[in-house]
Amino acid sequence: MMIERECALHLLPDQQTWMTTLLNTLPALVVILDVQGRIVGFNQACEKVSGYTFAEVKEQFLWQDLLLPEEQERAQAVFKQLLTQHRPNQHQHYWRTKTGDLRLIAWSNSVINQEQDGLFVIGTGIDITEQQQSARALQQQIEHEQLLSAIAARIRQSLDLRTILNTTVAEVRQLLKTDRVLIFRLENNWNGIVLVESVDTTQWPSILGTKIHDPCFPDIYGGELEQIHTSAIDNIYTANLTPCHLELLIQFQIQANLVVPIILENRVWGLLMAHHCCGPRHWKSLEIKLLSRLATQLAIAIQQSELYCQLQAELTEREQVEVVLQEAKHHLEQRVADRTAALREANQQLRSELHARQQTEAALQRSQQRISGILEIAEDAIISVDASQTISLFNQAAEKMFGYTRQEILGQSLDILLPTELAGYHQDQIQAFSKADTPARQMGEQRRPITARRRDGTYFMAEASISKLQMGNELVFTAILRDITERLEAQASLAKLTRQNELILNSMGEGLCGLDQQHHITFVNPAAAEMLGYSIPDLIGQSVEILLGPDPQPLNLAPNSPYPFVDSLIVGTTHRFITDEFQRRDGTMFPVEYVSTPIRENATITGAVITFKDISDRQVVERMKDEFISVVSHELRTPLTSIHGSLRMLTSGLLSAHPDKSQRLLKIAVDSTDRLVRLINDILDVERIESGQVSMTKYPYNLADLMTQATNTMQGMASQMQVKLAMMPLSVLTDVDGDRIVQTLTNLLSNAIKFSHPGGTVDLKAQLIPQQPPSCTLPSTVTATASLSPADTPLVCIQVRDQGRGIPPEKIDTIFERFQQADSSDARNHEGTGLGLAICQSIVHQHGGQIWVESQLGKGSTFSFTLPIKQDNTPNKGKTDT
């Protein structure tokens, strides 16, 4: 063992330097392990990611410091599988760096064999930690944008402030997955009340309506407007809070706190708060930004509601004034003559009412200024046009979005903001909307985004809502636009990532089946559905019992469950089960090998993945291999036993006085040796032909010459067996390997001679056939071939017919398999190997032909095979004379 390790660690200096330079130039992580799993190679990319130098990890096991304890067993199983099967594999696991950080690495592993140094395992990895973090951050950003859009839409659609606030806190708590979200309304002297709240009352007490006075509030939020800030506390016990502030948070069981002020007219109107009560929590920048943007939207909603209430009060006051005026006028008409004093009083009252109206108009003007301020701080572009589509309103967000100043755009046609080719289309849309009954079309009403044009000529996609208002004789259209370019790019990136993951699952050849904690199937890839005979929708939601056979064991959630995947769901271990059976949709069972792997989300086991494959073909191959080894062992043992017995008798010296017996034993040994050599040669021929190691060198040959050569070769054996050979050659050119075709003919003739009775006849015939076999039936005479020519048919059929005892019907289908003969006594009576017909079949198939047999018991057998004909009849180059 020490010598092997020295060989593995001490390469030639030049080779070691070259290999080290090559590995260090690769951007991927490369680790080389010996057969015990010790690190013998560690490139610079690995050092950079892990924080360890090669000297620090050299000769250490890979899973000793770099892997998490819960992943070490799985990594060792992958390592052992790689060494056992010598097939590349892929997997993912976390590396624990020297600083304690976790990096997710995707590995591709393979085995390399150095003749002098032995086996090594080389793993190539890619750090995919940032990809996963980016995907999660992108998803959170999309959810935040959707929430902001929904809340902004509700603000524009409704003036019910309490409904808006209640919906906001509920949706924020659900999105942030925190314990409590509330809005605290500040009053005078820094007193306040919890105005709205969203909390899980089954776990934490509700504080809705609670009045709170915190002397710390002036210190935190009592400064100038520019000093007001957002407060994000991850852990109240480590945040260095003042005692009064800490006591207040402990009173409401708060351990992490996020507070964003709601600013209205240069004052703190209230606070938007998120409480985490079950433990400390780190507030992410995206979450803080979300609450800040929500606070801005809530300020708009609050100001909008207050303006609405103020306008309602002013309108009520105006109506009261009108009533008073009407009463005063009525009294003036009836009592003008005799009530001069009353007239003076009415005039005075009119002056008062006039003053009140002036105050009302001033208030309305102030309200308009407030609305203008709201429009200016809005993040969406707001544009108003008249009936001729001339721009009359263009807020600051629109200036930022389109690149025009307000002075440049007011009075211009709306076409300046639209692509030239779409200007007419938008004009038609506005005209159609002016005649519609609906006063507004909101964002998200299944309407496609519009394309707008900036000052620099670039285009961008925007989400739009439009409303119309009749002001006297003038119809005014107001559009609110939101640039959704970043959102569309994020959605495209997310869709691309989702599609890539889907393609990876769908392209796998092994079956994948996901389970939840209730043993229900959550996802299935196409390979698994095809193996089980179901469609994917039919399997989703079903219990895994549908795969486990007609009488599955109870799926109790206990460690002693008979199914390995239950352990994956309970304790999170990975199991590989080599021999089991799954049930198809039609009720049939098939053998599988599967691996159950737990699915973790934030250290919680949420399900398991079963990866399985059908091993029916593997079992058939193994059974055939066992049968083949058994037969070959038996066939080799028989001649070896004869050779061994004969040689022992000769070496014993007991037959030295009997030379005739010694000669007979030598002949037995020689015959057995010949048989053993023929058997081994036949086995090698079959394997080499079927594996493609023997290439068929094809030339144009005259079939008649090949038939004559085979007949001449077997004539001696026929004479010895007192069998007559009758040949009817056919002169036609074929593209074949002449030696292999002669070998096929001599094998068939040899079998026919051996199984013929003395005085019998073996016929060798050939015939052009106009169709594919096995409908080849040769007539009794060759004159019938005169009606066909090589141009009429692509095939020639050759037959070897004997008059022997025939083949039993149950042997017809297996006669061409290895070590198969018509009778179990044939090998002993005729010294056959049982491989001749298997060799013939392989040679014929290599030439694109077919071979078959027809037989009747007691009357003989006919072996037939086909060969392709050379269509152009071009003379061969010296190959017709064999």
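**Ground rules.** I number residues from 1 along each chain as its sequence is written, and side-chain values use heavy atoms, with hydrogens and water left out. Since I'm on a predicted model, local features need pLDDT of at least 70 and side-chain atom pairs count only at pLDDT 80 or more, while totals for chains, interfaces and linings use all residues.

**Six-stranded sheet.** I looked up the strand order and got β8-β7-β6-β11-β10-β9, an open sheet with antiparallel pairing. For my own reference, strands (E, at least two residues) and helices (H or I, at least four) are DSSP runs numbered from the N terminus, and two strands pair if DSSP finds at least two bridges between them. The edges are β8 (211–213) and β9 (231–233), each pairing on one side only. I noted an average twist of 25° from one strand to the next; axes are lines fitted to C-alpha atoms, for helices over the stretch in contact, and angles run from 0 to 180 degrees between N-to-C directions.

Next I checked β6 (180–186) against β7 (191–199): they run antiparallel, joined by seven bridges. Leu 186 sits opposite Gly 192 of β7. Helix α8 (161–176) packs on this sheet, touching β6, β7 and β11 (268–276), at about 60° to the direction of β7. Contact here means heavy atoms within 4.5 Å.

**Five-stranded sheet.** This open one reads β24-β26-β27-β29-β28, with mixed pairing. β24 (724–728) and β28 (851–856) each have a single partner strand, so one side of each has no neighbour in the sheet. Twist averages 15° from one strand to the next. I found six bridges between β28 and β29 (860–868), in the antiparallel sense, with Val 853 partnered to Phe 863 in β29.

**Aromatics.** How many aromatic pairs does a search of the whole structure find? I got eight. Rings of Phe, Tyr and Trp (its six-membered ring) pair if their centres lie within 6.5 Å; planes under 30 degrees apart are stacked, over 60 edge-to-face, the rest tilted.

Trp 95 and Trp 107 are tilted, 5.4 Å centre to centre with 50° between the planes. Trp 95 is in β3 (89–96) and Trp 107 in β4 (102–114), so the pair ties together parts twelve residues apart in sequence. Both Trp 95 and Trp 107 are buried (under 20% relative accessible area with a 1.4 Å probe, protein chains only; exposed is over 50%, partly exposed in between). Ring pairs also link Phe 42 with Trp 95 and Trp 107 in a cluster.
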